[in-house]
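Biologist: Can you walk me through this model? I would like to start with how the chains touch.

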There are 4 protein chains.
Amino acid sequence: MSQSSRFPSLSQFVTATAGRNMTKPAYVAITSGVVLIMLLTVDPAYAAMHYLIDALLWACLAFFVFEWVIRLRHAAGAGRRAAYIFSFRGIVDAASALAVPIALVAGASSGTAWLLGMFWVLKVVPGIRGLRQLRRVLVVESGPLLSVLVIFLMVLFMASVAEFFLERDVQPANFGSIPAALWWAVATLTTTGYGDVVPLTPLGRLIAAGVMICGLGVFGLWTGILATGFAAETRRDNFLRSWEAVSKVPFFASLGPSAIADVTQMLRTIDLPMRTTIIRKGQAGDCMYFIASGEVEVDLPGKKIVLGEGAFFGEMALLGNNLRSADITTTRVSRLLMLDLVDFRLLMARHPDLAETIDAEAKRRALENK
Amino acid sequence: MSQSSRFPSLSQFVTATAGRNMTKPAYVAITSGVVLIMLLTVDPAYAAMHYLIDALLWACLAFFVFEWVIRLRHAAGAGRRAAYIFSFRGIVDAASALAVPIALVAGASSGTAWLLGMFWVLKVVPGIRGLRQLRRVLVVESGPLLSVLVIFLMVLFMASVAEFFLERDVQPANFGSIPAALWWAVATLTTTGYGDVVPLTPLGRLIAAGVMICGLGVFGLWTGILATGFAAETRRDNFLRSWEAVSKVPFFASLGPSAIADVTQMLRTIDLPMRTTIIRKGQAGDCMYFIASGEVEVDLPGKKIVLGEGAFFGEMALLGNNLRSADITTTRVSRLLMLDLVDFRLLMARHPDLAETIDAEAKRRALENK
Amino acid sequence: MSQSSRFPSLSQFVTATAGRNMTKPAYVAITSGVVLIMLLTVDPAYAAMHYLIDALLWACLAFFVFEWVIRLRHAAGAGRRAAYIFSFRGIVDAASALAVPIALVAGASSGTAWLLGMFWVLKVVPGIRGLRQLRRVLVVESGPLLSVLVIFLMVLFMASVAEFFLERDVQPANFGSIPAALWWAVATLTTTGYGDVVPLTPLGRLIAAGVMICGLGVFGLWTGILATGFAAETRRDNFLRSWEAVSKVPFFASLGPSAIADVTQMLRTIDLPMRTTIIRKGQAGDCMYFIASGEVEVDLPGKKIVLGEGAFFGEMALLGNNLRSADITTTRVSRLLMLDLVDFRLLMARHPDLAETIDAEAKRRALENK
Amino acid sequence: MSQSSRFPSLSQFVTATAGRNMTKPAYVAITSGVVLIMLLTVDPAYAAMHYLIDALLWACLAFFVFEWVIRLRHAAGAGRRAAYIFSFRGIVDAASALAVPIALVAGASSGTAWLLGMFWVLKVVPGIRGLRQLRRVLVVESGPLLSVLVIFLMVLFMASVAEFFLERDVQPANFGSIPAALWWAVATLTTTGYGDVVPLTPLGRLIAAGVMICGLGVFGLWTGILATGFAAETRRDNFLRSWEAVSKVPFFASLGPSAIADVTQMLRTIDLPMRTTIIRKGQAGDCMYFIASGEVEVDLPGKKIVLGEGAFFGEMALLGNNLRSADITTTRVSRLLMLDLVDFRLLMARHPDLAETIDAEAKRRALENK
């Protein structure tokens, strides 16, 4: 990726499409697809430029068919055709490519068939960063979450039956059956409260008040569970990403295994594209960086210094003078380990030898750059 | 359970029913009961197939009566009849069996009597996993939760009196009494906001705005309390379940008591039925397992290896090669202790002797399976 | 308190009223006051029994006047009259006693004057347990909470101005002035959503959608802040209450100061009235108790054993046999320190000498009670 | 600041305005600006006193123009004119000064032009304490927050398309296009629930119920993420502020680096203006203080003692007698380090030498003050 020119050729694009990640054209196609589907249903807009909208929708569809075919061929080439077809991505890709044409062939009106383009947005799912993290939280906490859901459903059903019994004679149009009462109960228990259906009898209102307060409780439990799970997952995710990177920094090699576990819990991994300015001269600094992979360039007054894998920088801002003294920019795709000011101090306090190494290096640099 | 055939005989079913846990037929009866009660109230559906619905409802009821009788006899046999009758389960079982018939006998119309079938859903309560955990949180945090509830009720009452005073002349139909104003206050303070009753005077609206903001605050406090309690409870629950299991794994026997407490906090217990695949070849792995009880089968290319109580597996994915190298399946109902990648590394760092044991075993296996 | 008979004399009641805590008659008076004020406004109820309601209201008022006078005299006797009058309790007591009579004298109608009885509920405030804890959380987190409030108000104002500008020509009745638009904005930003006022222009709806999403954000921040503060406060509160009690248990005296700090973080203080059953024979047990003050009685088959300050009990359930082997009841008002199963194991692991002491005592008791 | 008289001269005010912080007149101008803009739109109020309102609005505007000019000149003097102009504050100051006049010149009616005064409230933003903290939380947690936002938008779009398809024939006025359906979807997914647009078909209501429950989920995730981030940020912020101050207290100099890190995590920094009473005689005390900078005066019965940088006070309340024995007041702007009772005990337990120093000092003082 770091060698590609700014205008990739078609073959490069095909390779990118066949790969796992979303390409920029795909994002463009999905976004415009969403906008076009909306415009299609707005009568004045569609009347004014229906040729354009139709043409662009077909173009979006063509792109998704093209993407699907490329991925199918690529998967077949790698002998994983079945695996691809039945994966979540394969199903979404197929639905994106085929749903609209099939609907059109099956005789649906144009206005209805294009609505199936709503599946296009699902293509974004594998590209959402942090989704894996969210999913793990939901899996780990599924037990208590399901308990709350069951309680939610039980309250829903019992409240509906009670309200049906109390209100069916007063307002048969709104509470004439339990499914109708369920509509009221869902809107109330989630504290949405449309107000289109409202109990009128005193006892019905008392039960409704109870349902609303239960709604607050369900909400609170749900949030409490998710917050707990999320806190644990964040710690875990951070540890895992840092662990791999720490092993590549010779600086930490001198530490014993328990100190490494200690350090790993403090570091935060960040991935940067090339030509990104990490530190800007004159800014206030509150962290230092270790280079796990890649390369950065320090832009000093007279000269440029290149730091490679295993080097560290930004430590001066943590050792007294608060302002950054030089611009520092990545020259390659780099993975950095960020050490926050707070953790820096805790680390230095616990491992005085690390502190000395950093101090010595900082002094050497200060002398050099005078 | 592990010896029972797939088609249990009636006597087996009776034994299961008499026991503490829900049986599959009970889940079926409850689910269909709920659906049938709903259908009963949907006029077109009931008109079309009222024989079927009535018949099935009677069948559900018969099942619950049968269940209640079996449990009563079983409890009487064990000399715990009174204990069962006055327990939550006993009361729910009795209500499920008797409420509808009593209502019918007492002269209620069929459509009304069957509504009492709503108590059937309460039978699910003892079967909800994690309910005990939720209840403990509510008990432990009951102090602050009640404080918030009292504040909630005070705001409710004072807002109702104020709005009654301000709005009673403007809209006597909606704010004609304090109970009527309470209806508005509950819907507002829980941020449900039906909108059927809305203050119209400027001062009334100012108070309403305050009530809404209080609603946010109550919500926030409630959630904050529950989140705090839940985090503590999750830690506790996990520790308790692991502690018992750890003592059955000889691997941990060499650890001192403080290290065992350490390990216990890291492990997560999972219970699996027989013939469940735990690890699938080629998947990415991020945890290892210890067998607390039961047995698993490792499906290697040429042979099958059986691992029993106290053995461990899955450690290779944590020691370098990320992909699982074999399918592993339970052959009996098993309790496993899962050690996450993160905790594995922390544990190895703190207890180098453990690391050596696992390393040695992993090398031995790698040689063997070559 | 432990010596008082079940029917306290008037002088005892006066003493209790003069003290800090709420008395039972006060709770009765407040509750009935609230119910009576409500009934007063319900026309059919008031018409049916207005003599009774009026008489009871006067009785409530008389009680509050009596309470106020006693407290005034008691405070004057202790030389703290001014301090009492200007404290929160003094102001509430004065308002409860004087508001209604003053309103009646000032010529307000009876129906209006009694509404001022709503201040009666404020008398409950000093009696709410955990309120001090809630207040500390609000004080400690006041910085971030106020920031969120300022952001809330800014969004409110700017959204109102924008909607006023966009909607004033379309629906002058609803958005005819900024205060009117504010009414809409509050109901929307708190996600109450009455729906009585709704923007109609496309741009107005876009802004409204933004306001709703901001509402979610404000909610989330608020809750997050409160959850954080609450977790810290719970830890602190528990520590403080246990610290005092630990020093009274000789069992912990052998521990060094850091171990005591350790133990204190694990214990949970509970205060019990006399004749409360702490442990019931046959129940599953998951904690043991230390007696910080008071006395308990162990009801063994043949005899009754009394345990006093500094003793512990319930440890057998933690050392193997899960079911409690005897009923244990307080004979005096007692303060117990509860040690949870989880913490018991952690503590035993870290302090093997404690484990031995408990083991020895448990064996001695087992022998004795055979 | 501590030397300025109570009535600052104009030149002092200009200096204050040029500085970073908000001045009191600025707060007054913003508050009255907001009130005036509101009154402008309330017809009866404006009719009654339109001369006054107009005059005051012009005065507010004049103040903001004056503020902007001073800051521009000051920035130009410091050679940072461009930096100021394109900073957030510069843009807000410019908009506050210029928006209304430009609108008036461009021919907008007076009632419309003054609405642009809503930008005035943005001037408060740099003055909000804790905003930086909130922003850091949002930045650090931006990954998961964005994931949730993307999921939110996907649910929004797909629900809108589905409802449009299901409801367009039944209620073309409300669900006639996807943007119209989006309006319903936003109000539902945020659980606002206006109720102005409500699905009527059974399938439409089923989807709506799903959307409401998703709304609860999104809410829960959002809050969980923010709570996690906020807890981490609070710890970090507190540590950073204490670290600097600790180094100024000689009392802690004897501690090793790891103990200092330990202490720093426990201390809480508070900044106080001069003549603030920190401790009031007779109050219950639950913390002690170290003076990081500034000076306090202890008001003992016979004499006044002045304590300067590095001294500590309030420790007696933590060493046995619960009530404060003297009033203590700042005599200068001071930064204090507060040590809570809980942390005091933990600290004393871990560092017995510290405990001795404090004990010795406390005894010396007790003797002296006899």
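Modeller: First a term: two residues are in contact if their C-beta atoms, placed from the backbone, lie within 7 Å. Also keep in mind that this is a predicted model.

Biologist: Fine. How many residues does the contact take from chain B and from chain A?

Modeller: There are 41 residues from chain B and 40 residues from chain A.

Biologist: Which elements of chain B give two or more residues to that side?

Modeller: They are α2 (24-41), α8 (131-140), α11 (178-189), α12 (202-246) and α14 (341-350) of chain B. The largest share is from α12(B), with eight residues.

Biologist: And what classes of residue are on the side of chain B that touches chain A?

Modeller: That side has 27 nonpolar, 10 polar and four charged residues.

Biologist: Now chain D against chain A. How many residues from each?

Modeller: Chain D puts in 40 residues and chain A 42 residues. On the side of chain D, α9 (142-167), α11 (178-189), α12 (202-246) and α13 (257-266) each supply at least two residues. The largest share, 18 residues, belongs to α12(D).

Biologist: What about the classes there?

Modeller: The side of chain D that touches chain A divides into 25 nonpolar, 13 polar and two charged residues.

Biologist: Switching to chain A by itself. How many helices and strands?

Modeller: Chain A has 15 helices and eight strands. Its radius of gyration is 29 Å, well over the 21 Å that the globule rule gives for 370 residues, so chain A is more spread out than a compact globule.

Biologist: What box do the C-alpha atoms fill?

Modeller: Roughly 90 × 55 × 45 Å along the principal axes. Of the 370 residues in chain A, 37% are buried.

Biologist: What share of the contacts with a separation of 6 or more is between residues 24 or more positions apart?

Modeller: In chain A that share is 71%.

Biologist: One last thing, the helix pair α9(A) and α11(A). At what angle do they pack?

Modeller: At about 125 degrees, with their axes 8 Å apart. That angle makes α9(A) oblique to α11(A), and the crossing is right-handed.

Biologist: Which residues make the contact?

Modeller: From α9(A), they include Phe152(A), Val155(A), Leu156(A) and Phe164(A). From α11(A), Ile178(A), Leu182(A), Trp184(A) and Leu189(A) are among them. By class, the contact between these helices has 13 nonpolar, one polar and one charged residues.

Technical notes:
Residues are numbered from 1 along each chain as its sequence is written. Chains are lettered from A and ligands numbered from 1 in the order in which they are written. This is a predicted model: local features need pLDDT of at least 70, side-chain atom pairs count only at pLDDT 80 or more; totals for chains, interfaces and linings use all residues. Helices (H or I, at least four residues) and strands (E, at least two) are DSSP runs, numbered from the N terminus. The radius of gyration is taken over C-alpha atoms; the globule rule is 2.2 Å times the number of residues to the power 0.38. A residue is buried if 20 or more other C-beta atoms lie within 10 Å of its own, exposed if 12 or fewer, and partly exposed in between; C-beta atoms are placed from the backbone. Ala, Val, Leu, Ile, Met, Phe, Trp, Tyr, Cys and Pro count as nonpolar, Asp, Glu, Lys and Arg as charged, and the others, Gly among them, as polar. Axes are lines fitted to C-alpha atoms, for helices over the stretch in contact, and angles run from 0 to 180 degrees between N-to-C directions. Angles under 35 degrees count as roughly parallel, over 145 as roughly antiparallel, 65 to 115 as roughly perpendicular and the rest as oblique. A crossing is left-handed if the near helix is turned anticlockwise from the far one by less than a right angle, and right-handed if clockwise.
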